[in-house]
Amino acid sequence: MFNLQSLGWDTSHQDQLVSFSNPTLLPGRIGAVERGSFLVLGLEAPTTARMREPHLEPPTVGDWVLCRRLGEHLFIEHTLPRRSSFLRRAAGRETRPQLVAANVDRILVVTDAVDDFNPRRLERYLAAVRAGGAEPIIVVNKADLARDRSQLTRQLARVASDTPFVFTSTVEAEGLRALEELLHPRETVAFTGSSGVGKSSLINRLLGDERLETGEIRASDGRGKHTTTRRELLLSPSGTILIDTPGMRELGLWEADLDRAFPEIEQWSESCRFRDCTHTHEPGCAVLEAVNRGDLDEERVESRHRLEAELASTRLRSEKGTNTKSRWKSIAKAKRAMNKLTDKS
């Protein structure tokens, strides 16, 4: 049974609730989102709610919300300020952010030891996770299929020297205890990564129950089938709050902390002649000099340049794609529909 405390409610949340001076507001946490409805946990029972004001930004899994009952319906009136968030650029032609999860302490970036392992992709995830205020942990799953684990370890040391990582295998029950030791009661932990790397299987192991559906493993490449279709908040027996997310074909950056994702480049840049050095052609660039001497990995520098260019392109497309008139027409239409629902109650 979920209660506010087991979901991570603390004195700062209570102070925010008191500041509204409205005893009819009911606090809860979003446990799942599906087609405009929101599963609110922490009440007397899990309850489906809708937005009271459809033009407001909807909450996501992990958000703390304040609700009000109107007749038989539960409506969300406020979303409390987020301590952290995990954002990506939404898939499709429209350039906009997609909020994956909120109020997360740690994010487990899950890859596998076979075909999914990609240092450049890991850099992307680490930059996105840290930009949102959460701390990453890298999980290399399916370690029993690793061809050369020592090589994987060396690659991890180059791209994530300050990030904890653990090798796991749900088949061999390897590394699960080490993973559990990195997680703590009342801490919120989200799982992210590509489709088929075994996120749901790992969560089932941590839950001690086959709660989430998992796909069978293909013999050709050892990858699982994509099964998770929605984000969902779950409570483990140890008290850790887990958030499962659907696998991502790609992680388009919306925001990124490149300084923390590439700390060695940031360290060398402090010795550059120019403070606004781009590390591409400037004289006296300590980063380029370090690359030429072999003190700095050229692939890492090139990777940072690519991510910087992607972020700049995303910002430009976002600014050009703003259509205020169309946005407000959609808001007005949604509000009229919600008013009809409220009147019926």
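Trainee: At what angle do the axes of α2 and helix α9 (residues 298-320) cross?
Mentor: This is a predicted model, in which local features need pLDDT of at least 70, side-chain atom pairs count only at pLDDT 80 or more, and totals for chains, interfaces and linings use all residues. Residues are numbered from 1 along each chain as its sequence is written, and side-chain values use heavy atoms, with hydrogens and water left out. Axes are lines fitted to C-alpha atoms, for helices over the stretch in contact, and angles run from 0 to 180 degrees between N-to-C directions. The axes of α2 and α9 come within 11 Å, and the angle at which they cross is roughly 50°.

Trainee: How is α2 placed relative to α9: parallel, antiparallel, perpendicular or oblique?
Mentor: Angles under 35 degrees count as roughly parallel, over 145 as roughly antiparallel, 65 to 115 as roughly perpendicular, and the rest as oblique. The angle here is roughly 50°. That makes the placement of α2 relative to α9 oblique.

Trainee: Is the crossing of α2 and α9 left-handed or right-handed?
Mentor: A crossing is left-handed if the near helix is turned anticlockwise from the far one by less than a right angle, and right-handed if clockwise. For α2 and α9, the crossing is right-handed.

Trainee: How many charged residues does the contact of α2 with α9 have?
Mentor: Contact means heavy atoms within 4.5 Å. On the α2 side are Arg120, Glu123 and Arg124, which meet Glu299, Arg300, Ser303, Arg306, Leu307 and Glu310 in α9. Ala, Val, Leu, Ile, Met, Phe, Trp, Tyr, Cys and Pro count as nonpolar, Asp, Glu, Lys and Arg as charged, and the others, Gly among them, as polar. By class, the contact has one nonpolar residue and one polar residue, and the charged residues number seven.

Trainee: How far apart are the axes of helix α2 (residues 119-131) and helix α3 (residues 149-159)?
Mentor: α2 passes α3 in a right-handed crossing. Their packing angle is about 40°, and α2 and α3 are therefore oblique to each other. The distance between the two axes is 10 Å.

Trainee: How many nonpolar residues are in the contact of α2 with α3?
Mentor: Pro119, Arg120, Leu122, Glu123 and Leu126 in α2 meet Gln155, Leu156 and Val159 in α3. By class, one residue is polar and two are charged, while the number of nonpolar residues is five.

Trainee: How many salt bridges does the count come to?
Mentor: Side chains of opposite charge can pair when their charged atoms come close. A salt bridge is a side-chain nitrogen of Lys or Arg within 4 Å of a carboxyl oxygen of Asp or Glu. By this rule, the number of salt bridges is 21.

Trainee: Is Glu187 buried or exposed?
Mentor: Buried means under 20% relative accessible area, exposed over 50%, and partly exposed in between (1.4 Å probe, protein chains only). The side chains of Arg106 and Glu187 meet in a salt bridge, 3.1 Å from N to O. Arg106 is in strand β8 (residues 106-112) and Glu187 in the loop between α4 (176-181) and β11 (188-193), 81 residues apart. With a relative accessibility of 12%, Glu187 counts as buried.

Trainee: Which residue forms a salt bridge with Asp259?
Mentor: The closest N and O atoms of this pair are 2.9 Å apart. Asp259 lies in helix α6 (residues 258-261) and its partner in helix α9, so the pair ties together parts that are 45 residues apart in sequence. Asp259 counts as partly exposed at 36% relative accessibility.

Trainee: Which residues do salt bridges that share partners join into one network?
Mentor: Two of the members, Arg120 and Glu123, are in α2. Glu299 and Arg300 belong to α9. The network joins Arg120, Glu123, Glu264, Glu299 and Arg300.

Trainee: What is the relative accessibility of His279?
Mentor: His279 sits in the loop between α7 (263-269) and α8 (286-293). Leaving aside neighbours within four places in sequence, His279 is in contact with Ser269, Cys272, Cys285, Val287, Leu288 and His305. His279 counts as buried, with a relative accessibility of 13%.

Conventions: Helix = DSSP H or I, 4+ residues; strand = E, 2+ residues; numbered from the N terminus.
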